[in-house]
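I opened my notebook and the structure viewer side by side. I wanted to write down what I looked up, one topic at a time.

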Amino acid sequence: MIETKHLTKVFGNLTAVDDLNLFIKQGDIFGFIGPNGAGKTTTMRILVTLMEPTRGHALIDGLDVTRNGQKVRRIIGYMPDFMGVYDDLKVFEYLEFFAAAFGIERSKRKSIVEGVLELTDLQSKKSATVDSLSRGMQQRLGLARVLIHDPKVLILDEPASGLDPRARIEIRELLKELKRMGKTIMISSHILSELEEICDHVGIIEHGQLVYSGTIEEIRPRLGIHTKVRVQVLDNQEKAIEILAALPQISQVQLCKNYISVTFREGENMDGIIARTLVNANIDVVAIQPEQLKLDDAFLQLTKGIVH
Amino acid sequence: MSVSKAHFLILFMNSTLIDILEYINPVRLFGPIFAKELIVSSRRRRNYFVRFAYPFFLAFFVASAFTRVFGYRGQYPSVMQVSQLAQVGISITTAIVWFQFIIVQFLAVVMLSTAISDEIYSKTLGVLMTTPISSFQIVFGKLLSKLLQLLLLIAISLPLLAIIRVFGGIPWYFVISSLCITLTASIFAGTISLIFSIYNRQSHLVISRTLLVCFFIYAGPLIAFVIMREFCKDNLHLLIPKLGLFFINPFMLMRTITTAMQLPSASIPGETWLLHCAVMLGLSVIVFIWSVSCVRKAGLRQITGQAGLFLTRKERKIADKKLRQSYSSSPVSGKIRDIKWHPVIWREIANPMIKPNRITSALGILLSLAFLVTAYGLCIYYEVLGRIVTHIVFVLVYFFIALIRTSTFASMSITNEKEARSWPILLTSPLAEKEIALCKIIGSCLRAWGYWLLLAAHLVVFILAGIIKAPVFIPLVLIAISSALLVSSIGVMFSSMCKRSTTSSILNIITFLTCIIPVCCIPFLYFVSPLFAAASIFGVWGGFIEMFDSFNISPNTPLYIIKIIAASHFSFIIYTVIYLLVTYGAYQLSANHIRWRIL
């Protein structure tokens with residue numbers, strides 16, 4: 001659905017996006033991660049036809065964004081990092097304005113606006129002026145706006161930035177709902193844990209170059225990070241460590257505060273071996289919990305945090 | 001006196017001296033704001049543009065004054081040219097002095113129109129309040145940094161004035177007095193602009209309100225004096241009000257000075273202009289102190305997170321109510337408007353001409369109405385309402401007001417959206433660039449409908465009364481529509497090219513002054529300006545053909561041909577075609593620049 005081929009954008013001496021190759025499937029939620037100044041927003045601006053690339057191509061639904069700007073704009077919904085509002089318009093008028101701008105027939109506009117207001121839970125605020133809304137509500141209004149013409153692709157630049165936890169959860173739930181509706185979503189954020197929960201794929205960008213693209217699960221082997229498991233036993237911790245360390249599949253066993261951290265060798269995984277071995281050795285197992293690789297860790301490992 | 005006492009006294013005197021020196025230290029007085037403003041101004045391209053454009057237009061203005069006296073090459077015989085040589089010095093000095101007087105005042109208003117609003121908008125004023133920088137230093141730093149730039153512009157003409165003074169026999173005090181009057185009038189206009197910038201975000205509002213206030217301060221007493229003169233026949237009683245006018249009206253004093261300069265026994269009483277300068281400075285100080293107190297309040301409101309930083313007390317109440325609504329989950333009721341036309345046009349018209357709850361706007365309307373009633377009343381009193389010249393003046397004034405409002409709305413139409421960051425959102429809609437540009441042009445024209453209504457009402461009423469000839473109507477409507485489109489397209493063009501409203505409005509105003517009302521008297525532009533076109537309609541269709549006689553242009557020159565065309569019955573078609581062609585060019589440029597400097 002979204003594809004970039006050798007996409008490059010140069011501003012004077014600065015290469016903001018450098019030979020970027022991306023592919024996002026239809027119906028996917030793609031998380032776009034990178035440190036400040038990595039080139040996320042520039043890539044998104046090229047995709048939404050606000051900028052032209054210096055080199056390369058960007059395609060949305062098979063349409064080149066540079067050559068078919070008009071057609072591309074009909075199938076995308078873009079929410080910028082800072083939502084500019086028409087401060088003297090009311091919420092309903094604001095949405096109806098964009099409905100008209102997207103060429104929706106006058107007879108259908110009202111019902112469509114009501115529909116997106118319901119989806120974003122803004123019905124009670126439809127007569128409020130846009131500038132009177134709180135930040136969270138303005139973000140929800142921004143989402144309502146991008147949905148007004150029922151686009152296939154949503155490109156959201158940090159939609160949860162500056163929001164309180166409740167508003168962030170609301171936005172996250174809304175995105176899940178949109179995924180259920182079959183939208184292809186490209187989302188950038190600095191709140192990595194949130195992306196982890198909703199994204200099918202992630203792309204990590206630094207210095208304008210894509211350093212990783214794939215599922216969160218695929219990051220582990222890519223980084224050479226082995227499966228880790230937390231084991232809690234009722235007593236006999238020393239005996240448990242001794243038994244586990246003797247297993248050929250396990251490379252490292254460490255005693256942490258109240259649990260044992262077990263690291264498997266490359267290519268090996270749990271398959272119930274820990275539970276079986278400990279039970280056979282008459283050790284009471286309280287819990288065995290896989291230690292998941294956090295997106296934050298991957299982000300830190302993949303990027304050096306150097307800003308342009 | 002013992003040694004220790006003497007030592008202590010020296011130490012005490014030293015420390016006191018240091019304290020005094022510290023207190024009057026210019027660096028402390030000006031504060032870091034002044035230094036910051038100087039650094040920033042050296043990085044702004046528009047300041048370099050002004051420094052280039054100012055001498056350019058000054059040179060043009062001087063050349064125009066020179067040719068007016070001396071004629072073009074071969075126009076007058078050599079003997080005549082030599083005899084007119086003495087007049088050249090006076091004419092050029094007058095031109096320079098008036099050019100500076102108008103332009104420097106205007107630049108002071110423009111430069112200070114965003115002085116405080118920029119700080120409020122970028123949320124730095126509140127931060128400044130948490131530092132040891134005083135409100136005085138903020139306002140003084142802003143004012144002085146801009147005044148320094150204006151002084152630089154004034155200094156450009158000094159060598160020229162000095163040369164003319166040496167070779168043209170112009171007394172020094174004429175030059176010095178005119179410079180002082182210009183400077184004090186600029187400081188006064190600048191301080192008014194500065195105080196308005198605390199309460200208005202948009203520079204065009206600050207500029208128009210400052211100009212309106214200056215107009216009422218200068219013209220109000222003058223009108224009152226004229227009325228008073230009619231009822232009070234004793235000249236002795238009028239002497240004090242007349243002198244008072246000289247103290248508060250720099251235009252009158254400047255006119256008196258330049259008129260006196262052209263007399264053989266040229267002299268002006270030194271006390272008048274000195275007292276005038278003192279009065280203007282005193283008024284500026286009052287406005288300055290007022291600004292200092294207002295800046296502090298605005299800064300504190302910002303740092304404490306209160307709503308409505310640019311608003312008056314009543315408006316702040318409404319804003320605070322809105323803020324409370326934003327945090328409540330209760331439904332908000334209110335009227336929702338329907339989008340009837342193209343959304344971009346609708347959006348322009350939905351922007352009200354005058355915000356209904358603004359006290360200043362209401363005051364402005366009241367004063368304007370009072371002015372209008374007085375103007376018609378005076379015309380009736382002097383029995384000149386039946387004369388066609390009176391109506392030409394009325395039509396030109398209404399035409400000018402409508403044009404400048406249309407032009408201002410257009411010049412802000414895109415930059416306002418860029419500043420609010422809503423422009424990129426609109427550009428991701430499927431609306432084509434040409435469609436947006438065209439809608440912005442039409443929308444700006446329609447937004448100023450109220451001002452055009454004044455013109456139409458005057459025409460209809462006096463056509464029905466039989467004072468204005470009916471055939472004037474259709475040509476004038478055509479000129480009005482094409483001129484509105486012309487100024488609107490030029491405004492939108494600047495708006496699409498610039499990132500900030502201030503830059504766009506300044507460029508637009510400069511174009512407006514030079515092309516629409518050619519203050520520089522560029523001969524060709526003068527004849528094609530919409531104001532001249534409107535007047536010429538009265539000449540050919542309204543039976544006021546004498547107006548063309550006032551232009552003494554030699555035959556066999558290009559201007560003579562233009563004059564003949566202007567005096568023809570079909571001139572309005574030519575004007576309309578010219579305006580529409582320029583409109584088309586500006587529209588194309590706007591469409592090409594719609595995606596320029598958007599981020």
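My entries follow, sorted by topic.

**Entry 1: the kind of model**

I noted at the start that this is a predicted model. Every value below is computed from that model.

**Entry 2**

I began with strand β1 of chain A, residues 2-11. Which strands pair with β1(A)? One is β4(A), residues 55-60, which pairs with β1(A) in the antiparallel sense. I counted five bridges there. I then picked out E3(A), and its bridge partner in β4(A) is L59(A).

The other is β2(A), residues 14-24. β1(A) and β2(A) also run antiparallel, and seven bridges join them. At F11(A) I looked across to β2(A) and found L14(A) standing opposite.

β1(A) and β2(A) form a hairpin with two residues between the strands. In that hairpin, G12(A) takes a positive phi near 60°.

**Entry 3: a salt bridge within chain A**

Next I looked for charged pairs. Side chains of opposite charge can pair when their charged atoms come close. Over all chains, the count comes to 21 salt bridges. One of them joins the side chains of D150(A) and K183(A), at 2.3 Å from N to O.

**Entry 4: two domains in chain B**

I moved to chain B. It is divided into domain 1, residues 29-309, and domain 2, residues 379-592. The contact takes 22 residues from domain 1 and 25 residues from domain 2. How much area is buried between the two domains? I wrote down about 2,000 Å², with carbon and sulfur atoms giving 63% of it.

On the domain 1 side, R46(B), F57(B) and H204(B) supply 25% of the area buried against domain 2. That is more than any other three residues supply.

I found one salt bridge across this interface. D118(B) forms a salt bridge with R500(B), and their closest N and O atoms are 2.9 Å apart. Which elements give two or more residues to the domain 1 side? They are α3 (45-70), α5 (85-111), α6 (117-121) and α10 (203-231) of chain B. The residues of that side divide into ten nonpolar, eight polar and four charged.

**Entry 5: chain B against chain A**

Last, I looked at where the chains meet. Here 38 residues of chain B are in contact with 42 residues of chain A. The two chains bury about 3,500 Å² between them, and 58% of it lies on carbon and sulfur atoms. In chain B, I425(B), T428(B) and P430(B) lose the most area to chain A. Together they make up 20% of what that side buries.

How many salt bridges are there between chain B and chain A? I noted two salt bridges. K110(A) forms a salt bridge with D338(B), with the closest N and O atoms 2.6 Å apart. I also noted seven residue pairs in polar contact between the chains.

On the chain B side, the elements giving two or more residues are α14 (313-327), α15 (343-350) and α19 (423-427). The residues of that side divide into 17 nonpolar, eleven polar and ten charged.

Technical notes
Residues are numbered from 1 along each chain as its sequence is written. Chains are lettered from A and ligands numbered from 1 in the order in which they are written. This is a predicted model: local features need pLDDT of at least 70, side-chain atom pairs count only at pLDDT 80 or more; totals for chains, interfaces and linings use all residues. Side-chain values use heavy atoms; hydrogens and water are left out. Two strands pair if DSSP finds at least two bridges between them. Helices (H or I, at least four residues) and strands (E, at least two) are DSSP runs, numbered from the N terminus. Domain bounds come from an automatic or database domain assignment. Contact means heavy atoms within 4.5 Å. Buried area is the accessible area (1.4 Å probe) that two parts lose on being put together, summed over both. A salt bridge is a side-chain nitrogen of Lys or Arg within 4 Å of a carboxyl oxygen of Asp or Glu. Ala, Val, Leu, Ile, Met, Phe, Trp, Tyr, Cys and Pro count as nonpolar, Asp, Glu, Lys and Arg as charged, and the others, Gly among them, as polar. A polar contact is a pair of N or O atoms within 3.5 Å; within protein, one must be able to donate a hydrogen and the other to accept it, and residues adjacent in sequence count only if both atoms are side-chain atoms.
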